[in-house]
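Subject: Structure handover

Dear colleague,

Here is the structure I said I would pass on. My notes on it follow below.

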Amino acid sequence: MDLLIRNGRLVDPGRKIDTVTDILVRDGKIRKIGQVDSQDIPVFDAAKLIVAPGFFDIHVHLREPGTEEAETIATGGQAAVAGGFTAVAAMPNTKPPNDNPSMTHYIVSEAKRSSPARVFPIGAISKDQKGETLAEIGEMYEAGIVGISDDGKPVMDAQLFRRALEYAQLFDLPVIQHCEDLHLSKGGVMHEGVHSTRLGLKGIPAAAESTMVSRDLILSQMTGGKYHVAHLSTRQAVEMVRQAKASGIRISAEVTPHHFTLTDAAVAEYDTNAKMNPPLRSEDDVAAVVAGIRDGTIDAIASDHAPHHINLKMLEFDRAPFGITGLETAVGLAFTRLQLPIERMIDMFSLNPQKIMKVAPWGIFEGSPADLTILDPARKWTFDVVKTRSKSRNSPFHGWELTGKAVATIVGGKVVHEEKRL
Ligand SMILES: [Zn+2]
């Protein structure tokens, strides 16, 4: 399946590439970078577009097996490529969870069969995500996991978390923590602050996140483990990560587009599409998160794509589940809200995610899998949730006008998504 990507601006900051030229793809891999004179090969015209190493969303919930009415590996994969992602890492909190090698095998083979995006499974830290005993981490690693996490459920037991950090090092796997002290957050449905008081809803204090980050940093330092903070949302936690990096602890952190875009004021009308965990935080927290992105404290942007069936999100605020979809809006929100240099965007969406997870790297080099995200930073568009590729529509960004978009997605040399040309 050959393809000639013509006249694109190739940008791969990891390999110091920023040049306008062609890419020749053969058998799913990049064979040549540079001007190609060739007939009889299908051409993808990338003039005036940016060709970047494939974007990788390291925090996605695909819901299969167990909750296929909300999403499947196939529909989640379609939403991923529609949003510009060539790869996603799938969180293990399915029903049952991915805590054993046969489940990991199932996800890998089902993704190969049905998903246009590559799917890298994340294994559970603990059996059944109960936080009691370690899951079959070594066996899951053999089957293809790229990290471990009990996402959705924090590991409250410090001894178990210590063991996870120690054991995961044998395989160089990151240990990904959903940072939330369950005693502090108990019963909370939104950020604890003036808005929760006014609405009469029980709050989740910022300290529920930062106390867990601080405990984990001590354990990371003690064990030398590879620690990753999922969906960081508070000023205190950003500051702790900054300090920890300065002192040489192996730590990385991700942030979601909703946490750098919205504040807890979005809950105003009891909108359940503003209910997520960690919750939307204060203006001060959002400012700190954005500053953390700008100065490199935060390594990656990940969507925390969390599809839920509409019947559940129509419940009253207290009872509705946490989470929103995000695969199709992440890149547009990042372009619009952050206006980062393009190299930094590519770092946050592709190169750093590849470094955080245990994956074989890809990029703009000869021999790499031809996994590429084609970007138009100037493209204006409006997100219409009715047209989503996800099975679910729980997004607060319906109708938002954004500037900047992934206009095509290429996986293994195949154009798996392409927007209409303007
Ligand atoms: Zn999550």
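Gly138 touches Tyr167 and Phe171, not counting residues up to four places away in sequence. Please keep in mind that this is a predicted model. The glycine belongs to helix H3, residues 137–143. With a relative accessibility of 11%, Gly138 counts as buried, because the cut-off is under 20%. Its C-alpha lies 9.4 Å from that of Asn100, and 38 residues separate Gly138 and Asn100 in sequence.

Overall picture

The protein has 13 helices and 18 strands. A compact globule of 422 residues would have a radius of gyration near 22 Å, and the 20 Å found for the protein agrees with that. Along the principal axes, the C-alpha atoms fill a box of roughly 65 × 45 × 40 Å. Of the 422 residues, 62% are buried. Among contacts with a separation of 6 or more, 76% are between residues 24 or more positions apart.

Helix H1

H1 spans residues 73–82 and is mostly covered, with nine of its 10 residues buried. The buried residues are Ile73, Ala74, Thr75, Gly76, Gly77, Ala79, Ala80, Val81 and Ala82. Just after H1, Gly84 has a positive phi of about 100°.

Helices H8 and H10

Two packed helices are described by the angle between their axes and the distance between the axes. For H8 (residues 235–246) and H10 (residues 283–294), the axes come within 8 Å and cross at roughly 25°. H8 is therefore roughly parallel to H10, since angles under 35 degrees count as such. On the H8 side the contact is made by Arg235, Val238 and Arg242, and on the H10 side by Asp284, Asp285, Ala287, Ala288, Val289, Ala291 and Gly292. By class, this contact of H8 with H10 has five nonpolar, one polar and four charged residues.

Thr256 is found in the loop between strand S14 (251–255) and helix H9 (257–261). What does the side chain of Thr256 join through a polar contact of 2.8 Å? The partner is the side chain of His259. A polar contact of 3.2 Å also joins the side chains of Thr256 and His258. Leaving aside neighbours within four places in sequence, Thr256 is in contact with His231, Ala302, Ser303 and Asp304. Its relative accessible area is 0%, so Thr256 is buried.

Asp371 lies in the loop between helix H13 (342–356) and strand S16 (372–382). With a relative accessible area of 1%, Asp371 is buried as well. Its side chain makes a polar contact of 2.5 Å with the side chain of Arg118. Beyond neighbours within four places in sequence, the contacts of Asp371 are Ala52, Pro53, Gly54, Thr86, Arg118, Trp362, Ile410, Val411 and Gly412.

Backbone points to check

Most residues other than glycine have a negative phi, and most peptide bonds are trans. The following places depart from that pattern.

- Glu64 and Pro65 are joined by a cis peptide bond, with omega about 5°. Pro65 is in the loop between strand S6 (55–60) and H1.
- Lys95 and Pro96 are also joined by a cis peptide bond, with omega about 0°. Pro96 is in the loop between S7 and H2.
- Lys48 has a positive phi, near 70°. This residue sits in the loop between strand S4 (43–45) and strand S5 (50–53), and Lys48 is exposed, with a relative accessible area of 81%.
- Gln129 has a positive phi, near 50°. Its place is in the loop between S8 and H3, and at 7% relative accessibility Gln129 counts as buried.

Is Lys48 buried or exposed? Lys48 is exposed, because its relative accessible area is 81% and the cut-off is over 50%. Gln129, at 7%, counts as buried, because its value is under 20%.

Regards

Notes: Residues are numbered from 1 along each chain as its sequence is written. This is a predicted model: local features need pLDDT of at least 70, side-chain atom pairs count only at pLDDT 80 or more; totals for chains, interfaces and linings use all residues. Side-chain values use heavy atoms; hydrogens and water are left out. Helices (H or I, at least four residues) and strands (E, at least two) are DSSP runs, numbered from the N terminus. Buried means under 20% relative accessible area, exposed over 50%, partly exposed in between (1.4 Å probe, protein chains only). A polar contact is a pair of N or O atoms within 3.5 Å; within protein, one must be able to donate a hydrogen and the other to accept it, and residues adjacent in sequence count only if both atoms are side-chain atoms. Contact means heavy atoms within 4.5 Å. Axes are lines fitted to C-alpha atoms, for helices over the stretch in contact, and angles run from 0 to 180 degrees between N-to-C directions. Angles under 35 degrees count as roughly parallel, over 145 as roughly antiparallel, 65 to 115 as roughly perpendicular and the rest as oblique. Ala, Val, Leu, Ile, Met, Phe, Trp, Tyr, Cys and Pro count as nonpolar, Asp, Glu, Lys and Arg as charged, and the others, Gly among them, as polar. The radius of gyration is taken over C-alpha atoms; the globule rule is 2.2 Å times the number of residues to the power 0.38.
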